[in-house]
Amino acid sequence: MLILTCPYCGVKAEETELHGGGEAHLTRFGPESSDEAFEGYLFQRENPKGVHFERWRHAQGCGKWFHAARCTVTLEVFGTYSAQTSEPPQNIRDAISAKRPGWTWRSFA
Amino acid sequence: MKRYSTFAIAREALRHHTGWERAWRKATPKKKYDVVIVGAGGHGLATAYYLGKNHGIRNVAILEKGWLGGGNTGRNTTIIRSNYLQDPSAAIYEKARSLYETMSQDLNYNVMFSPRGLLMLAQTHHEVRGYERTAHANALQGVDTQFIGPQKVKELCPIIRLDGPRYPVLGALYQARGGTARHDAVAWGYARACSDMGMDIIQQCEVTGVRSDGGKVRGVSTTLGEIDCDKLGIVVAGHSGVLAEMAGFRLPIESVALQALVSEPIKPAMDVVIMANTVHGYMSQSDKGEMVIGGGTDGYNNYTQRGSFQHIEETVRSLIETFPMLSRLKMLRQWGGIVDVTGDRSPILSKTPLGNCFINCGWGTGGFKAIPGSGWATAEMIAQGEPGPLAAAFGLERFREGRFIDESVAAGVAH
Amino acid sequence: MSTRLATGGRLTDRSKQVKFQFNGQHMRGVAGDTLASALLANGQLMMGRSFKYHRPRGPVASGAEEPNALVNLGKGARFEPNQRATTTELFDGLTASSQNHWPSLQFDIGGINTHLSRVLPAGFYYKMFIHPRPLWKHVYEPFIRRSAGLGAAPDAETVDGDTYEHFYAFTDVLVLGGGVAGLQAALTAASSGAQVLLLEQNAHWGGRTPVDGGEIDGKPAAVWISDTVQALEAMENVTLRLRTMGAGVYDHGYVLGYERLTDHAPETPGPRHRLWRIRAQQIVTATGAIERPLSFAGNDVPGVLLASAVRDYVVNYGVSIGDRTVVVTNNDDAYRTAICLHEHGLTVPAIIDARQNGGGALMAQAEALGIKVLKGRAIAKVKGSRKVTGVAICAQAGEGGVLDVIPCDAVAMSGGWSPVVHLWSHCGGKLTWDDTNVFFRPDLAKAPTSHDGAPFVIPAGAANGHMHLGATLTDATTAGSSAASAAGHQPRSTVLPKAVAEAEAAIMAVWLMPQGATVALRSKAWLDFQNDVKVSDIQLAAQEGYESVEHAKRYTTLGMATDQGKLSNINGLATLSAALGEAIPAVGTTTFRPPYTPISMGSIAGQARGEIFQPVRQTPLHSWHEAHDVNWEPVGQWRRPYSFVRAGETVEQSVHREVTATRDSLGLLDASTLGKIIVKGPDAGKFLDMLYTNMMSTLPVGKCRYGLMCTENGFLMDDGVVARMSDDTWLCHTTTGGAERIHAHMEEWLQTEWWDYKVWCANVTEHYAQIAVVGPNARKLLEKLGGMDVSRETLPFMQWVEGTLGGFPVRIFRISFSGELSYEIAVPASQGLALWSRLHADGAEWNATPYGTEALHIMRAEKGFIMIGDETDGTVIPQDLGLSLAISKKKADYLGKRAHARSHMTDPARWQLVGLETVDGSVLQDGALAVAAGKNLNQQRHTQGRVTSTYHSPTLNKGIAMGLVLNGPDRMGEVLDFTKLDGTTVKATIVSPVFFDPEGEKQNV
């Protein structure tokens, strides 16, 4: 039963208030993109055993989407942050590095 | 292999059962195999079994990082059915169901296939129409189902309450030859048969890398050393992404936890298997007497094999509305399994970007019922190098082409 | 024979008699009894039958770990199977019956299985019943099922007579277990000012220390316990609950507590059980330890109990199991039982100690009392079948050669103690094997971790492997202090209580008695009493290659009974490791799963039952419908009128009447459930252009446009009419089920992809009642109400206007889902009922007829309008539905555009929308398929189309249908065969989907 702190309203929200939205920081590919790029955007997923960046919506709360960095094996939460960013902020990356030295996730490290 | 029979039991009883041999040999890896299967769950073992039985390929190793049958094969709710809507699904699940019918005899191992009948309850008008549609499709697919009314539902399942205040029972899609089997026995029976054909089942052997040369697979690196192979089959529910990464490709898969629970055992109260999709619950009574109840999946990536309590709560609450007597039973145990969910929630049986490397994954919440059909189709694909008719529609390329196999056709209630 | 002693019974009040019934027999107990102690006091040692062999079973324990003494409890709406007699508090009028036997507990036909046990070893069913195939389904399996199961099934037609509730709690420190360790941990943690919640599963504080004795701070343990409880009760930051079990520990500090409020007093008003959903920063598991049985032949005969249980019954309830009790042990603790029995005037013929040199100080005490101690000895076999008559003694080191037979009527056994590590393990805490003390204890280096990656569970006392009273208290003090600190509080007092208890000599690991027991003896040495798993079964599993502990468990069913292996797991594991010749830790442990002991399903469901199971959403007109013969249809969480059935009408007749009245004159529809979302802002047009397949930014103010929405994957997800309210504001209508979903969809794209767009969305669905006034006389009715010009010229089709109609502030949309002249009137929700009543009353002269969803469906189908959820199912794209006109060619991008370019979606061979008319005028079946010649490689019949909507049209008086057919629009007039569920087919012609008024003359008036 996860608890994630919503970075917008500051509420420590529990899983029942939240709606998971899958992998974060996907780049949208629209018309004119290649079949491969479009397939990758819609379907290919990191699905790592370990550090994962993901989207959540505080559905039964303030209604805002946000991002979380979480370990899929221990369920440790390294931090939550704004959904209005295309890559994890440095403080989140630092927090992960402190706990999981040498981690990588897609092109991020 | 000594055959199992009532006579053999009686004979062994005379010497306190000291004469039984191992069900499967203890094996150490050879340097090279024709085919290496990664994953000794039901699907992996069945793949190996049909490689030997149907295609004469017996120089096979099945590698398992834990103990065989220890993943989802041993932690599901054991439902077997084939009343699927889309042709490719109906074909492979019906193949599997028909193989379950004779599995005990084929394997000389009683897997306790119990075709006690399966009911998918229709609790909204939308579901009634959906299941009528499925019944039409099943008739043309050679799957024996019928849509039945509420009174017949009550006859088949006397503990049901038809007129619940929220979701009355309006009918059901009934598959008389659907049912359950003993999940562990399926893995053990296949393992025993594979071992008997000379295949090596190597437990406690984790694959740490996939070796290739010129775009073709050469072998695997394991915690027990290097093992070469001509062909590689990856059949590792819950860890498919990890193996795919070793083999150099990615999958349209996310791994999430699925919840299940059992009650304490009671005397027989329900002979059929019930699926109630409106309220996300399914239930059967095991031969031991426990009510085996499956619930929903958590909405986030999770490898912990344990899950949240909220889905248990939702499932139990909903089932009590339709089965009031459950309220006086107790939950004995809850557990979680990790299921691989694909982009269209249908499985993947496919060639991969790596030559001679094949993958079988993405069964989501429906893997157990498919085991023999999945093994049959995967063995055919590995042996011939191309998917056969059962596997053809389940290739990875469908995600690129937009040719999905979507069983969740109830896109939402709308008026 | 078991009986009530003349004195004693720490927990009982002999002045209060309690009447109860067991198997129809009237019995008496005393206040404070458990059902088990009361039955024993009445000489009823046998309480049930085992699962597989139906062997006679008496209690083996005195608490939650009891595997045998399970009963059917209560009657009717309060019946409950599988209740543990050892934890069921006795109350006046209790009725119970024993389980798993026929015809009676004494004479059980199934008992024949025990004589067949030789041919029913572990896993026998995997090897039998294979041939001939039909016999399994029809003979063997039904027999197995009938003889399995334990308690009776509750009656299906009886609704639970009790209520349940949920309770939420947040705390800094949660202490699970109210024994001396839990009390001390709670006291220490509470001294810091932290919020402390202390839960104890039993009805009494102190755990088993009052039975075991010892001194704390110079006082008898029992006095220290009550003093400490008093101190805790006086602290404002401490909450204490008895009869509340820590059931499960979940991620991020979530804990389930299971409080049994009225099980001990069923006439008390209020809920029976309360499920606590607790969030704790730190959890202390002070869950104590459980004694292990010893594995010797006949250890399952009624009258063989755990030594601690024998002591509990004497001390707590003043009940003896027998007059002559042989104690058998591999450790010092069991000597306490011998001494206790002796002190209560009972005979202990011998203490059989497997250790060559016996025990320490406690042995000396026992010997001083004149109790004979046989060292290096073992029980070869228990004599007796339904009750103990004696024990045969042998050397522990031998194979079971009998040295002596000691007559006795009870055996108290102790194989050592195992810390209760369940709650530590639920969320991932690991264990380590302690070779000195012969048990698994928590591996403190591998604790369960929480959201911050830090440990959140701290074991304390016996649960942490500290069995001596002094060590228990020391450890509990540390645990309480650490928990408070980790929760951000500094403990002020860490005063360590001084404890005095006897020192104990080392335990000796004994997993089989005697060590070299023959196969005949091993076949009678039970590991799992309920499921009938014996030492020989585990050995057979190992022999057959079921070497992993999970394999062995599943092959033999060890530990899978209702006690979940509390007594059997360690003994089974040790037996397996011995069979494999491996060390116990190398073989591993099984996973512990919640709950600790079974919890009622009723408590899981909580209050949300019956009418309040799920909320029902009601439109502002709900009460009017209720009062007017409504036939409801659940639509998502909503209730909508399916039709209004008048007296003497069938449902079908009512629907046809509604359609005809509307087409002929005037119909009224409650359309309030349709989703209404306001989209506003400088970039609202740009945003809607991305969201809908067609162009919304160019829609003039005052006009309406039908729009389609696709997922990014290209499939149709919703449709509806969009109205432009002002320069920067649009109102988007969605389907009934779609409002929340589409609003969330909008927010998702706005917040996570196009966050630079200046757009705001608001779901105003429930702010308005919406009423469709439909039919040739619709305009006349609106004109009668007056106040607005709704003429064709002022308010043409697909426009909207705001004004005051008959005194109501309204927006009127000139849109139609029926093909009739139609106005949809939105009015503030609070005035909806008044407007509807007015329309209904004023429309009487035109026979204004309220209609429901089915008439709505028929009229839209007559016009060939698609319905999301019927024509679409998540696999359909707009191009399939002939809706290419609603797909903008001008826009560079919109959700779904790229997806539509994929090869399967541009494939010309897709199934596309057509109308279908049977040749014989009959109604096609829902979901019917159009068959094609031949079969595919999987022997499935080829198909070329399917029915998506099908109705009898009262307007046209024939069956009409819509469907998707391969290249359908190019095949007008072709006749196809459609399936029927009886196996036959029916012929239908492909026609235009617009069956009625194809020119649209009726709606454009």
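**Close-up views of a predicted model**

**View 1. Helices α20 and α25 of chain C.** In this predicted model, the axes of helix α20 (residues 651–664) of chain C and helix α25 (residues 853–862) of chain C come within 9 Å and cross at roughly 55°. The crossing by which α20(C) passes α25(C) is right-handed. On the α20(C) side the contact is formed by C:Val655, C:Glu658, C:Val659 and C:Thr662, which meet C:Glu854, C:Ala855, C:Ile858 and C:Met859 of α25(C).

**View 2. The annotated segment of chain C.** An unreviewed UniProt entry places the feature "domain: SoxA A3" at residues 523–606 of chain C. Within the model, the end C-alpha atoms of residues 523–606 of chain C lie 45 Å apart, and the span is 45% helix and 8% strand.

**View 3. The contact between chains A and B.** Chain A and chain B each contribute 19 residues to the contact. On the side of chain A that touches chain B, the elements giving two or more residues are β3 (19–23), α1 (35–42) and β4 (51–57) of chain A. The residues on that side of chain A divide into 8 polar, 6 charged and 5 nonpolar.

**View 4. Confidence along chain B.** The pLDDT of chain B averages 94, and 98% of the residues score at least 70. Over residues 410–415 of chain B, however, the pLDDT is below 50, although this stretch has 28 contacts in the model beyond near neighbours in sequence.

Conventions
Residues numbered from 1 in each chain as written. Chains lettered and ligands numbered in written order. Predicted model: local features only at pLDDT ≥ 70, side-chain atom pairs only at ≥ 80, totals over all residues. UniProt positions renumbered as here; feature names shortened; annotations may be inferred. Helix = DSSP H or I, 4+ residues; strand = E, 2+ residues; numbered from the N terminus. Axes fitted to C-alpha atoms, helices over the stretch in contact; angles between N-to-C directions. Left-handed = near helix turned anticlockwise from the far one by under 90°. Contact = placed C-beta atoms within 7 Å. pLDDT = per-residue confidence, 0-100. Nonpolar A, V, L, I, M, F, W, Y, C, P; charged D, E, K, R; others polar.
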